[in-house]
Amino acid sequence: MWFRRDLRLHDHGGLAAAGTDRVVALFVLDPELIRSAGPVRLAHLYRCLRGLDRSIRNRGGAGLLVRVGDPAVEVPAVAAAHDVQRVLVSGEYTPYGLRRDAAVAATLAQRGVRMSSTDTPYLHSPGAVVKGDGTPFSVFTP
């Protein structure tokens, strides 16, 4: 499970999709995202990562594996080291996130590993809430 925005175990769709499979919990500190984060945001992120690690260990897991670097390098390296067949992620919708995920998925695919987006960190995925005719809302009134 490659954790990104959704740093919790409770009702996590990606973890639910793993079922009874052995799970390697991974977070990649991406220099692209770290560079634009301020000290308060980074301190909050580090507290959340420590909390997630504690939660995983309290449930009998090996803890959160944290890597620093380009996810297109780090995620496939961890997958290879742990003989992973499938990488689960929560959906990403930002332009950078979409490019990053495409690069990671392509590298994983070269190694025969599938990347599956199984959930969203939002209540509804962007684009999922539509009008009765199936088109997106374009006017928002009270």
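Select residues 25-29, strand S2, and residues 64-68, strand S3: the two run parallel and are joined by five bridges. Strands here are DSSP runs (E, at least two residues), and helices are DSSP runs too (H or I, at least four), numbered from the N terminus. Two strands pair if DSSP finds at least two bridges between them.

This is a predicted model, in which local features need pLDDT of at least 70 and side-chain atom pairs count only at pLDDT 80 or more, while totals for chains, interfaces and linings use all residues. Residues are numbered from 1 along each chain as its sequence is written, and side-chain values use heavy atoms, with hydrogens and water left out.

**Stop 1: the whole chain**

Zoom out. The protein chain has five helices and five strands. Followed along the sequence, the pattern is β-α-β-α-α-β-α-β-α-β. The C-alpha trace spans about 50 × 40 × 30 Å along its principal axes.

Colour by burial next. Of the 142 residues, 35% count as buried. Buried means under 20% relative accessible area, exposed means over 50%, and partly exposed lies in between (1.4 Å probe, protein chains only). The chain exposes about 8,800 Å², and carbon and sulfur atoms supply 56% of that area. Accessible areas come from the Shrake-Rupley method with a 1.4 Å probe; for residues, only the protein chains shown count as cover.

Now show contacts, meaning heavy atoms within 4.5 Å. Among contacts with a separation of 6 or more, 73% are between residues 24 or more positions apart.

**Stop 2: strand S2**

Return to residues 25-29. Is strand S2 mostly covered or mostly open? Strand S2 is mostly covered, with five of its five residues buried. Show the side chains. Ala25, Phe27 and Leu29 point one way. Leu26 and Val28 point the other way.

Select Trp2: its bridge partner in S2 is Leu26.

**Stop 3: Leu29**

Centre on Leu29, in strand S2. Leu29 stands opposite Val68 in S3. Leu29 counts as buried, at 12% relative accessibility.

Which residues does Leu29 touch, not counting those up to four places away in sequence? They are Ile34, Leu45, Tyr46, Leu49, Val66, Arg67, Val68 and Gly69. Pick Gly69 from that list. Leu29 and Gly69 are 40 residues apart in sequence, yet 6.3 Å apart in space, C-alpha to C-alpha.

**Stop 4: Arg100**

Select residues 95-110, helix H5, and find Arg100 there. Arg100 counts as buried, at 9% relative accessibility. Leaving aside neighbours within four places in sequence, Arg100 is in contact with Trp2, Arg4, Asp30, Leu33, Pro71 and Glu92. Trp2 is the residue whose bridge partner in S2 is Leu26.

A salt bridge is a side-chain nitrogen of Lys or Arg within 4 Å of a carboxyl oxygen of Asp or Glu. A search of the whole structure finds seven.

Arg100 meets Glu92 in a salt bridge, at 3.6 Å from N to O. Both Arg100 and Glu92 are buried. Arg100 also forms a salt bridge with Asp101, with the closest N and O atoms 3.1 Å apart. Asp101 is buried as well, at 11% relative accessible area.

Which residues are linked with Arg100 in a network of salt bridges? The linked residues are Arg4, Arg5, Glu92, Arg100 and Asp101.

**Stop 5: Arg57 and Asp53**

Move to residues 39-58, helix H3. Arg57 and Asp53 are four residues apart in H3, so about one helical turn separates them. Their side chains meet in a salt bridge, 3.0 Å from N to O. Arg57 is partly exposed, with a relative accessible area of 47%.

**Stop 6: Asp83**

Go to the loop between helix H4 (71-81) and strand S4 (86-90), and select Asp83. Phi of Asp83 is near 50°, a positive value in a residue other than glycine. Most residues other than glycine have a negative phi. Is Asp83 buried or exposed? Asp83 counts as exposed, at 60% relative accessibility.

**Last stop: the charges**

Show the charged side chains. Lys and Arg count as positive, Asp and Glu as negative; His and the chain ends are not counted. The place of a charge is taken as NZ of Lys, CZ of Arg, CG of Asp or CD of Glu. The mean positions of the 18 positive and 13 negative charges are 4 Å apart.
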